[in-house]
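Welcome, and thanks for taking a look at this one. Here is a short tour of a few local features, from a loop to a ligand site and a helix.

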Amino acid sequence: MKQPIVILISGAGSNMSAIVRTARERRWDERLGAHVAAVLANRTDAPGLASAAEQGIATAVISHRAHASREAFDEALAKAVDAYQPALVALAGFMRILTPAFVEHYRGRLVNIHPSLLPAFPGLDTHRRAIEAGCRVAGATVHEVTAQLDCGAILAQAAVPIVPGEGPEALAARVLTQEHRIYPDALETWLTARLAQNPSF
Ligand code: GRF
């Protein structure tokens, strides 16, 4: 079974790079029929685009600014994604709220990583909010995407202790290191399960 993966980014793309690196190191293509087919961004200035291109991966920009409405942008994005017939669409620092129609179109094959221990702190600015709430641990969550923001089934989590006195940036950097570990692992688990359900290559 072919399992193309499309990754959507808006920024640095460090999670995307971790997925690409892991896919190569662990031979996802031979073992799971899976490969990162494309990296798409909604911003022309997303630094992750250059990293993906350097690694020989197809890239494209679908700018949200070029579309009059959220619906029109999501339709254009879905058209670009569907060109790769993805088994899995991974949001990796993709900073757009998606329409219910987009989410429904990819139901069961759309996942995200969020920098908090969901269900705590959905939305933005998670590290500052966790520190201000007096949390002793922060973390990250890989989850399925549903129409409700940051609410889908949890696939993986990592907890990161909050060091007394540290700021949001330092915490974010430590959480990001864990994101790079749990996101590829969670995708590998997902791809392995899907292959087991439908083993015909
Ligand atoms: C990550 O912390 C991700 O969880 C959040 O935005 C950050 C993106 O980082 N949504 P990168 O683009 O993967 O480097």
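## A cis proline and its loop

Pro 119 sits in the loop between β5 (110-114) and α6 (126-132). Helices here are DSSP runs of H or I with at least four residues, strands are runs of E with at least two, and both are numbered from the N terminus. The peptide bond that joins Leu 118 and Pro 119 is cis, with omega at about 10 degrees.

Before going further, please keep in mind that this is a predicted model, in which local features need pLDDT of at least 70 and side-chain atom pairs count only at pLDDT 80 or more, while totals for chains, interfaces and linings use all residues. Residues are numbered from 1 along each chain as its sequence is written, and side-chain values use heavy atoms, with hydrogens and water left out.

The loop between β5 and α6 also holds Phe 121. Its phi is near 55 degrees, a positive value in a residue other than glycine. Phe 121 is buried, with a relative accessible area of 18%; buried means under 20%, exposed over 50%, and partly exposed in between, using a 1.4 Å probe and protein chains only.

Phe 121 also turns up in the surroundings of Thr 126, a residue of helix α6. Thr 126 is buried at 4% relative accessibility. Leaving aside residues up to four places away in sequence, Thr 126 touches His 114, Pro 115, Ser 116 and Phe 121, where contact means heavy atoms within 4.5 Å.

## Another positive phi

Arg 27 also has a positive phi without being a glycine, near 50 degrees. You can find Arg 27 in the loop between α1 (14-25) and α2 (28-32). With 46% relative accessibility, Arg 27 counts as partly exposed.

## The ligand site

Which residues surround the ligand? They are Ala 12, Gly 13, Ser 14, Asn 15, Gly 93, Ile 113, Pro 115, Leu 176 and Glu 179, each having a heavy atom within 4 Å of the ligand.

A backbone N or O atom of Gly 13 is 2.8 Å from an oxygen atom of the ligand, and one of Asn 15 is 2.9 Å from a ligand oxygen. From Glu 179, a side-chain N or O atom lies 2.7 Å from an oxygen atom of the ligand. Taken alone, the ligand exposes 370 Å², and the protein buries 81% of that; these areas come from the Shrake-Rupley method with a 1.4 Å probe.

Helix α4 (residues 70-82) has 13 residues and reaches 18 Å from its first C-alpha to its last, close to the 18 Å expected. That expected span is 1.5 Å times one less than the number of residues.

The buried residues of α4 are Phe 73, Asp 74, Leu 77, Ala 78 and Val 81. They lie on the same side of α4 because they cover an arc of only 135 degrees around the axis, the arc being that of the directions from the helix axis to the C-beta atoms. Their cover includes β1 (3-9), β2 (34-41), β4 (88-91) and α5 (100-105). On the face turned away from this buried side, α4 carries the exposed residues Glu 75 and Lys 79.

## A proline in α5

Helix α5 includes Pro 100, which is exposed, with a relative accessible area of 57%. Pro 100 and Pro 199 are 99 residues apart in sequence and 31 Å apart in space, C-alpha to C-alpha.

Definitions and conventions:
Polar contact = N/O pair within 3.5 Å; in protein donor to acceptor, adjacent residues only side chain to side chain.
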